[in-house]
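This briefing is intended for reading alongside the sequence and the three-dimensional structure. Please keep both in view while working through the points.

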Amino acid sequence: MSRRRETLLTLPSLAWMLVFFAIPAGLVVAMAFRPSDLRGGAGEGWTLETLRTVARADYLPVVWRTVWMSAATTALCVTIALPVAFHLVRVAELWRRMLLLLIIVPFLTNFIIRVFAWKSLLHPEGLLTQALVRGGVVAEDALLLNNAGAVLLVLVYTHLPFAILPLYAAAEKFEMPLLDAARDLGAGPLRALAGVWLPGVRRGIVSACIMVFVCTLGQYVIPQFVGGPQDEMLGNKITQRAFGDRNLPHASALAACLLMAVLVPMLLTALWRRARGKEAVS
Amino acid sequence: MDDFLVIEKVTKRFGAVRAVDCITLRIACGESFSLLGPSGCGKTTLLRMIAGFERPDEGRILLEGEDITTLPPERRPVNTVFQNYALFPHLSVEENIGFGLKMAGVERGEARQRVARMLELVKMQDQRAKRPAQLSGGQKQRVAIARALVNQPRVLLLDEPLAALDLKLRQHMLGELHAIHQEVGTTFIYVTHDQGEAISLSDRIAVLNAGRVEQVDTPARLYEAPGSHFVAAFVGDANFLPARVLEVRHEGYVRVACEELGNPLACTALPLSAGQQARLMVRPEKLLITRERPEAGERVNVWAGTITDVTYFGAYLRFVVQAGETALLVQMANNRFASSGTVPGRGERVYVSFHPEEARVVAADSQG
Ligand SMILES: Nc1ncnc2c1ncn2[C@@H]1O[C@H](COP(=O)(O)OP(=O)(O)OP(=O)(O)O)[C@@H](O)[C@H]1O
Ligand SMILES: [Mg+2]
């Protein structure tokens with residue numbers, strides 16, 4: 001394909017990215033340099049004052065919690081998704097379609113409704129809590145709701161498909177005879193998986209990590225509904241600044257920091273992939 | 001000696017299909033043994049049972065007297081060269097070859113030496129740092145062989161290792177495989193549906209058909225003295241004519257009634273009896289085309305016919321001669337016509353003859 005045609009073909013997605021990503025992101029970043037306005041908008045002129053207030057305010061524990069929660073969610077999602085993806089490509093066609101459908105269908109339901117469903121499940125009077133109490137798994141007075149555990153659980157539940165789908169795509173491309181070859185050469189079943197299958201789907205792992213991590217970083221609905229006051233993430237702070245305090249520049253500054261936290265690792269991964277691609281020449 | 005690897009009444013079913021149907025084979029140490037048969041006859045399934053990827057439903061597999069039927073692949077002293085090589089794409093040539101040694105916990109210095117020796121054996125020293133994606137088909141093939149042989153397996157299994165290569169390369173690699181077998185002396189079990197490969201590489205060949213063994217023999221015996229119609233048709237080209245046994249003579253000679261030909265004399269290894277239906281089989285290169293009628297007699301069988309097609313292959317020519325209802329395929333070396341000057345052409349009336357020793361009577365089995 002000629003260079004020119006290539007450029008032409010990427011034009012629509014470029015335009016899409018420009019209108020729906022680059023311009024809004026630019027506006028958010030620009031807003032961070034505006035003075036705040038008591039009426040809830042942004043004032044005239046440019047200032048570094050907003051950034052200073054953001055830096056001064058004690059966000060460090062929240063940032064830490066946000067990163068930690070996202071990392072934990074990512075690790076859990078990928079850990080669960082790996083065996084799921086491995087088996088998905090091995091089961092019969094009919095089963096595979098059914099299972100994929102089961103993974104995707106819940107996402108046709110409204111996100112808020114699903115979070116509420118979890119809230120009622122985990123409620124002290126809720127089905128899940130009652131079942132666990134009756135089964136003797138948790139104590140009578142156990143609180144399953146409004147804590148970090150509940151937030152993590154629902155975060156993992158919500159983001160699991162974002163890990164399963166890219167890993168499934170990678171696993172489908174994996175050539176299964178390679179596992180036979182590893183076994184043939186003396187690797188036990190687990191060693192064959194770790195030594196040949198994991199490297200084979202590593203692109204899928206990277207994609208899954210990025211998808212889950214990035215989506216979790218910006219979460220605010222889940223901590224708000226199933227978490228306690230101690231479980232707020234950066235997203236909650238942004239909504240509070242924007243809708244509670246009506247301090248748009250402050251909220252924008254926070255959002256810009258989050259944006260950077262997402263973009264920088266993604267950029268680094270892209271560069272790394274490119275460097276590897278050059279090295280492999282294939 | 002012949003009991004190095006024993007496959008004993010092994011059966012494998014996939015649903016209703018008997019992929020391997022009660023096969024028994026005895027393979028000697030150091031032998032180059034081929035499993036030859038058409039697509040779907042169960043070659044790969046049998047190989048995978050020897051490697052440990054499939055469990056037989058019935059029967060046993062013994063290696064040096066030890067029952068290995070239920071051992072997992074990683075615990076068998078057997079290595080495989082896979083059909084599409086199955087090289088690890090994330091590892092270099094060197095790391096691919098060293099994989100088995102690493103799994104076996106071979107000390108690093110020694111492993112490096114053994115890998116280097118293998119690289120030398122397959123002439124890939126200067127490609128050691130490349131990834132499989134950067135290699136040509138023939139090079140991948142060599143790496144796959146080296147990766148299996150470096151573990152010094154008791155048996156090397158090769159599943160159609162040359163199928164993915166083009167003709168020229170295939171012939172070249174065939175020569176190299178032969179040389180490698182001579183050098184390392186490992187027992188080779190070679191799966192192929194290409195009779196040419198099997199014939200030129202093997203000490204013995206088992207011809208499989210629909211999960212069963214048709215015949216196990218040396219390449220020469222399979223070609224010269226096939227036991228069944230299937231084997232005769234699968235190993236090399238052949239002309240078949242329906243025939244009825246008239247008279248069984250001493251030393252394997254039989255006289256048969258053959259519509260087109262009168263009552264020719266031929267050879268057989270089968271215990272035939274008069275009146276039995278059979279087939280007369282003659283290889284195309286055993287037939288002789290002449291312009292003059294050869295002196296007929298007890299020892300010569302002659303057809304008269306018309307050439308309907310001539311194909312030039314360089315070193316030899318192939319003719320189709322229509323003799324009555326029968327179309328005969330005849331192959332003759334180019335220089336056979338040097339004395340008469342010209343090669344007979346299409347439409348020419350000729351005589352086709354053969355000696356009784358060069359025709360075989362085989363069973364008229366189901367495969368028509
Ligand atoms: N895993 C499997 N599940 C179901 N049927 C199978 C399986 N493997 C093989 N078969 C069937 O068993 C029979 C033998 O297959 P096999 O692969 O051993 O043939 P093959 O001789 O190696 O053929 P080819 O030359 O095409 O490779 C075929 O009918 C095939 O459809
Ligand atoms: Mg096969």
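The structure is a predicted model. In chain A, the secondary structure comprises 13 helices and zero strands. Chain B contains, among other elements, an open sheet of four strands and an open sheet of six strands. The shell around ligand 1 includes B:Lys43, B:Thr44 and B:Thr45.

**Chain A**

- Chain A has 13 helices and zero strands, and its pattern along the sequence is accordingly written α-α-α-α-α-α-α-α-α-α-α-α-α.
- The C-alpha trace of chain A spans about 70 × 65 × 30 Å along its principal axes.

**The four-strand sheet of chain B**

- The order of strands in this open sheet is β2-β1-β4-β5 (chain B), with antiparallel pairing.
- The edges are formed by β2 (17–27) and β5 (66–67) of chain B; each has a single partner strand, so one side of each lacks a neighbour in the sheet.
- Helix α1 (residues 43–51) of chain B packs on this sheet and touches β1 (5–14), β2 and β4 of chain B. The direction of α1(B) makes about 120 degrees with that of β1(B).
- β1(B) and β2(B) run antiparallel and are joined by seven bridges; within this pair, B:Leu25 in β2(B) is the bridge partner of B:Ile7.
- The hairpin of β1(B) and β2(B) has two residues between the strands, and B:Gly15 takes a positive phi near 60 degrees there.
- β1(B) is also joined to β4(B) by five bridges, again in an antiparallel arrangement. B:Leu5 has B:Leu63 in β4(B) as its bridge partner.
- Strand β4 (residues 58–63) of chain B is connected to β5(B) by two bridges, and these strands run antiparallel. Here B:Asp67 in β5(B) is the bridge partner of B:Leu62.

- Which residues are around ligand 1? They are B:Phe14, B:Val17, B:Ala19, B:Pro38, B:Ser39, B:Gly40, B:Cys41, B:Gly42, B:Lys43, B:Thr44, B:Thr45 and B:Glu160.
- By class, this shell consists of five nonpolar, five polar and two charged residues.
- A polar side-chain atom of B:Lys43 lies 2.8 Å from an oxygen atom of ligand 1.
- For B:Thr44, a polar side-chain atom is 2.5 Å from an oxygen atom of ligand 1. In B:Thr45, an N or O atom of the side chain is likewise 2.5 Å from an oxygen atom of the ligand.
- On its own, ligand 1 has 630 Å² of accessible area, of which the protein covers 59%.
- The elements giving two or more residues to the shell are β2 and α1 of chain B. Of these, α1(B) gives the most, with three residues.

**The six-strand sheet of chain B**

- This open sheet has the order β6-β7-β8-β3-β9-β10 (chain B), and its pairing is mixed.
- The edge strands, β6 (78–81) and β10 (212–217) of chain B, each pair on one side only.
- On average, neighbouring strands of this sheet are turned by 20 degrees against each other, direction ignored.
- Strand β3 (residues 32–36) and strand β8 (residues 187–192) of chain B run parallel and are joined by five bridges. B:Thr192 in β8(B) is the bridge partner of B:Leu36.
- Helix α5 (residues 167–184) of chain B packs on the sheet, where α5 touches β3, β7 (155–159) and β8 of chain B. The direction of α5(B) makes about 160 degrees with that of β8(B).

- Strand β17 (residues 316–323) and strand β18 (residues 326–333) of chain B run antiparallel, with eight bridges joining them.
- B:Arg318 stands opposite B:Gln331 in β18(B).
- Two residues lie between the strands of this hairpin, and B:Gly324 takes a positive phi near 65 degrees.

**B:Gln139 in helix α4(B)**

- B:Gln139 belongs to helix α4 (residues 137–149) of chain B.
- The side chain of B:Gln139 reaches the backbone nitrogen of B:Ser136 at 2.9 Å.
- Apart from neighbours within four places in sequence, B:Gln139 is in contact with B:Met124 and B:Gln127.

Definitions and conventions:
Residues numbered from 1 in each chain as written. Chains lettered and ligands numbered in written order. Predicted model: local features only at pLDDT ≥ 70, side-chain atom pairs only at ≥ 80, totals over all residues. Heavy atoms only, no water. Pairing = 2+ DSSP bridges. Contact = heavy atoms within 4.5 Å. Axes fitted to C-alpha atoms, helices over the stretch in contact; angles between N-to-C directions. Near = heavy atom within 4 Å. Polar contact = N/O pair within 3.5 Å; in protein donor to acceptor, adjacent residues only side chain to side chain. Areas by Shrake-Rupley, 256 points an atom, 1.4 Å probe, with all protein chains shown as cover. Nonpolar A, V, L, I, M, F, W, Y, C, P; charged D, E, K, R; others polar.
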